[in-house]
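Let us go through this model by question and answer.

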Amino acid sequence: MLKRGTMNIFMATSEMEPFARTGSFADLMLALPQELQRAGHQVSVAIPFYRCIRENKDFKIKPSKVQITVPMGNQTRTAEVFETRAPNGVQILLIRRDEYFDRSAIYGTDGKDYQDNAERFIFFTKCVIELAKRLDPVPEILHAHDWQTALLPLLVKAQNAPFATALSIHNLAYQGNFWSYDFDLTNLGGEWFSVKGAEFFGSMNCLKAGIVQADVIIVPTEHYAQDIQTKEFGCGLEEVLRENAGKLHGIPDGIDYSVWNPASDKLLSATFDASKLKGKTVCREALLKKFNLAPNPTGPVLTILSRLIESKGLDILLPIIDRLLAADVRLVVIGQGNARYETALKTLLKKHRQKMAWEKDCDESLTRLLLGGGDILLVPSRFEPGGETAMTALKYGNLLVARASGGIHQIVQDYDVSSGVGNGFVFYDCTSEAFLDAIRRASQVFADKASWQTLATNAMQADFSWANSAKLHERIYGRIAKK
């Protein structure tokens with residue numbers, strides 16, 4: 001029996017640390033349920049039972065003996081449900097159907113999505129709602145995350161199921177847009193392939209369906225909530241978002257400092273904190289050695305941890321790399337994406353073998369090495385919804401040169417040399433020249449060790465913990481919970 005004032009919350013996600021990860025979204029899905037559970041709520045999370053989970057012997061997984069059968073067009077499909085616990089104790093329910101989830105990657109390979117992603121995640125979402133009906137106690141809140149589970153509010157409404165629904169949009173650019181014939185897999189009537197449902201310019205748009213039918217929509221910041229209602233940042237959904245602005249809320253994401261803390265991080269070559277930065281130098285040397293880069297540069301070690309796509313600003317970065325590396329700096333890039341950008345990086349690597357490195361694949365150890373060993377993280381994004389990587393980088397003394405967009409406004413304050421106030425370097429125009437100017441400003445401060453020490457201390461002492469975010473989620477849940 002739950003105590004008075006607490007809620008039963010069931011979340012659905014395609015990623016969660018440490019089970020399945022392609023980016024910082026997975027960290028969020030570990031931290032938020034934990035904070036809500038600490039507040040006394042009962043929280044469970046459903047994720048697909050991917051191959052990477054099944055093959056990891058560190059996870060203690062047991063069958064639940066629950067099977068779920070759902071219609072998929074003119075056929076039926078059955079899933080087995082398994083159970084485990086996240087490192088923080090949150091209950092994890094794994095939806096297993098190997099036909100859909102026993103694959104080498106989560107969404108696709110070789111830069112291309114799996115052709116049946118619509119079917120895979122419609123199936124997963126249907127299983128989530130059927131599983132929610134069987135949980136004891138029955139959840140009050142179903143919380144969907146991103147397009148992969150965004151049909152959940154639509155299914156709840158169509159079935160008149162007894163749940164309040166929340167939809168979090170972590171990146172509006174990814175919408176789950178598929179051809180109209182895939183809608184048949186939902187087994188919903190034609191009235192739901194319409195303005196009030198999944199239809200969007202003749203296609204099925206999963207995220208649009210969730211926006212229209214969710215009781216509440218959550219995005220990473222209030223600034224981003226305003227941005228995405230404009231043509232520039234709305235990714236085509238700006239009118240839909242304006243029509244549903246009354247249920248749109250910006251809640252800042254956070255960082256779990258019990259997980260991301262350079263003072264206790266066992267995966268670093270040496271630990272450090274804001275008062276003792278000697279270990280940062282050791283990590284810097286380890287990063288350069290890892291990639292066989294020339295040691296002891298007089299300038300900063302520049303880092304990038306990002307998908308290689310236009311929205312992340314690769315088009316304004318690539319033209320200035322030659323000029324950047326004319327100075328005694330190093331550049332380490334981790335990420336994969338658009339083939340055009342990958343080809344350009346390969347060409348640049350041949351010209352700058354001692355100064356530049358690029359790694360497509362990234363695991364947790366390499367992420368921490370990059371954050372701990374880098375001096376400056378470059379974030380030239382056209383839009384940056386939440387900025388979890390940026391928050392984490394600041395804690396690791398990896399200062400930001402970032403374009404002022406989305407969540408960056410609430411994370412990075414431009415450094416004022418005269419007052420010593422600020423924690424990074426901000427630029428506004430989305431051009432290569434503005435970006436290069438900001439990097440040069442940062443490099444000038446880096447050359448002044450006393451000023452850089454002040455800046456690093458400011459950055460590492462910033463507090464982006466999850467506690468406040470969880471309270472805001474609680475407040476919104478309380479408003480929509482069906483009593």
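Q: In which order do the three strands of the open antiparallel sheet stand?
A: The model is predicted, so local features need pLDDT of at least 70 and side-chain atom pairs count only at pLDDT 80 or more, while totals for chains, interfaces and linings use all residues. Residues are numbered from 1 along each chain as its sequence is written, and side-chain values use heavy atoms, without hydrogens and water. Strands (E, at least two residues) and helices (H or I, at least four residues) are DSSP runs numbered from the N terminus, and two strands pair if DSSP finds at least two bridges between them. The pairing in this open sheet is antiparallel, and the order is β10-β12-β11.

Q: Which strands stand at the edges of that sheet?
A: An edge strand here has a single partner strand, so one side of it is left without a neighbour in the sheet. That holds for β10 (177–178) and β11 (199–200).

Q: Which residue of β12 is the bridge partner of Asn177?
A: β10 and β12 (residues 203–205) run antiparallel and are joined by two bridges. In β12, the partner of Asn177 is Asn205.

Q: At about what angle does helix α6 run to β12?
A: Helix α6 covers residues 206–213 and lies across β10, β11 and β12. Axes are lines fitted to C-alpha atoms, for helices over the stretch in contact (heavy atoms within 4.5 Å). Angles run from 0 to 180 degrees between N-to-C directions. For α6 and β12 the angle is about 60°.

Q: How many of the eight residues of α6 are buried?
A: Buried means under 20% relative accessible area, exposed over 50%, and partly exposed in between, with a 1.4 Å probe and protein chains only. The buried residues of α6 include Cys206, Lys208 and Gln213. The helix is largely enclosed by the rest of the structure, because the buried count is eight of the eight.

Q: Which residue has a side-chain oxygen that reaches the backbone nitrogen of Leu207?
A: This is a contact at the start of α6. The oxygen comes to within 3.2 Å of that nitrogen, and it belongs to Asn205.

Q: How far apart are the end C-alpha atoms of helix α17?
A: The expected span is 1.5 Å times one less than the number of residues. Helix α17 (residues 467–480) has 14 residues, so it should span 20 Å. The model agrees, with end C-alpha atoms apart by 21 Å.

Q: What arc around the axis of α17 do its buried residues cover?
A: Ser469, Ala470, His473, Ile476, Tyr477 and Ile480 are buried in α17. The arc is taken from the directions from the helix axis to the C-beta atoms. These residues lie on the same side of α17, because their arc is only 125°.

Q: Which residues are exposed on the other side of α17?
A: The buried residues of α17 pack against elements including β1 (8–12), α1 (25–38) and β8 (141–145). On the other side, the exposed residues are Lys471, Arg475 and Arg479.

Q: What is the relative accessibility of Arg77?
A: Arg77 is found in strand β4 (residues 75–85). Beyond its neighbours within four places in sequence, its contacts include Arg97, Glu99 and Glu119. Arg77 counts as buried, because its relative accessibility is 14%.

Q: Which residue makes a side-chain polar contact of 3.0 Å with Arg96?
A: Arg96 is placed in strand β5 (residues 91–96). A polar contact is a pair of N or O atoms within 3.5 Å; within protein, one must be able to donate a hydrogen and the other to accept it, and residues adjacent in sequence count only if both atoms are side-chain atoms. The partner of Arg96 is Asp98.

Q: Which residue is joined to Pro18 by a cis peptide bond?
A: Pro18 is found in the loop between β1 and α1. Omega of the bond is about 0°, and the residue joined to Pro18 is Glu17.
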